[in-house]
Structures are given as C-alpha cells and as structure tokens.
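Please look at the sequence and the model before reading on.

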Amino acid sequence: MIRRPTRSTQSRSSAASDVYKRQRRYRQDYDFFYDSPFVELGNLYKNYGYVIFAFLITPGSYNATDFVYWNMEELDTKEGFDSYVQHCRAHQMLDTGVDVQYGDQLLTLSTCYADYDNSRFIIVARLYVIHI
C-alpha cells in the first residue's frame with residue numbers, strides 16, 4: 001500500500017468545515033492557537049487528529065513566490081520535506097513549539113487572505129493520532 005506523507009486541502013470557503021470558519025481567528029488572535037491547537041478530520045472509517053505546527057500568510061500565485069505549497073502533495077524526499085517545513089517555520093506568525101520530523105504526515109489547509117494580491121493564509125499541521 002502506498003502512503004502519501006502529506007495531505008493537501010484547499011478551499012475558498014467551506015460551510016461544512018468548522019476549520020475554515022475558525023482559520024481567521026488564528027491570524028487575528030494568536031492566543032486562539034493555545035485554546036485550539038488541534039485539527040480533527042474524519043470519515044466513516046477513521047478519525048485523524050492533527051496538531052498545528054505553523055500558520056502563515058504566503059503569496060498565492062506562481063509569479064509571486066517560490067513556495068508553491070499547493071503543488072507539494074508528495075513530499076517523499078527528506079530534502080523536499082525539510083524545505084517545506086523550513087519555509088513554514090521561517091514565515092510562521094507564531095512559534096508553536098510543535099516538533100516535525102521527516103516521515104510525519106502533514107495536513108495543509110489553505111484559504112484566501114486578500115483578493116488584491118492573491119495571498120493565502122495557510123495552516124500546516126502534523127498527524128498525531130488515527131482512531132479506527
């Protein structure tokens with residue numbers, strides 16, 4: 001069975017997900033992270049628990065950045081994984097203190113930040129538990 005080391009989710013708005021509704025709070029009130037450091041996702045068969053390790057604002061177009069997070073679904077090399085994590089750490093809005101190592105499965109949540117420059121607010125979290 002092939003396992004993807006990273007899961008990427010993008011959305012402009014999603015009424016079905018409380019995470020997207022709350023994303024704004026992370027960038028407006030850094031203390032919100034300490035109250036809600038986890039993201040939980042699930043389906044009929046499994047529930048996944050993630051701990052947020054970074055949240056940041058980044059350009060959302062190829063011409064404006066070398067960090068094309070939306071095109072990084074397969075971070076299967078240590079170099080690629082470390083580069084992704086280092087970029088998140090270098091631009092994070094708050095040092096969360098959460099550790100991340102090569103081999104961890106990551107979840108990237110993305111939403112619009114500003115229309116005038118196509119920037120994005122992203123939350124990146126590390127898988128910590130799977131309940132079956």
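Two residues are in contact when heavy atoms of theirs lie within 4.5 Å. The model is predicted. Its chain has 132 residues, 45% of which count as buried.

**Fold**
- The chain holds three helices and five strands.
- In sequence order these elements run β-α-α-β-β-α-β-β.
- Taking contacts between residues at least 6 apart in sequence, 64% join residues at least 24 apart.
- About 8,000 Å² of the chain is accessible surface, and carbon and sulfur atoms account for 46% of that area.

- In soluble globular proteins, nonpolar side chains tend to be buried together.
- The largest nonpolar core has 19 residues, and Phe53, Phe67, Tyr84, Cys88 and Leu106 touch the most other members.
- Strand E3 (47–58), helix H3 (78–91) and strand E5 each give two or more residues to this core.
- Another core, of 15 residues, lies apart from the largest one and includes Tyr26, Tyr48, Tyr50 and Phe55.

**Arg126**
- Arg126 is part of strand E5, which spans residues 119–131.
- Arg126 counts as buried because its relative accessibility is 16%, and the cut-off for buried is under 20%.
- At 2.8 Å, the Arg126 side chain reaches the backbone oxygen of Asp99.
- Leaving out residues up to four places away in sequence, Arg126 touches Gly49, Tyr50, Val51, Phe53, Val98, Asp99, Val100, Asp104, Gln105 and Leu106.
- Among these contacts of Arg126 are Phe53 and Leu106, both members of the largest nonpolar core, and Tyr50, which belongs to the other core.

Definitions and conventions: Residues are numbered from 1 along each chain as its sequence is written. This is a predicted model: local features need pLDDT of at least 70, side-chain atom pairs count only at pLDDT 80 or more; totals for chains, interfaces and linings use all residues. Side-chain values use heavy atoms; hydrogens and water are left out. Helices (H or I, at least four residues) and strands (E, at least two) are DSSP runs, numbered from the N terminus. Buried means under 20% relative accessible area, exposed over 50%, partly exposed in between (1.4 Å probe, protein chains only). Accessible areas come from the Shrake-Rupley method with a 1.4 Å probe; for residues, only the protein chains shown count as cover. A polar contact is a pair of N or O atoms within 3.5 Å; within protein, one must be able to donate a hydrogen and the other to accept it, and residues adjacent in sequence count only if both atoms are side-chain atoms. A nonpolar core is a set of buried Ala, Val, Leu, Ile, Met, Phe, Trp, Tyr and Cys residues joined through side-chain atoms within 4.5 Å.
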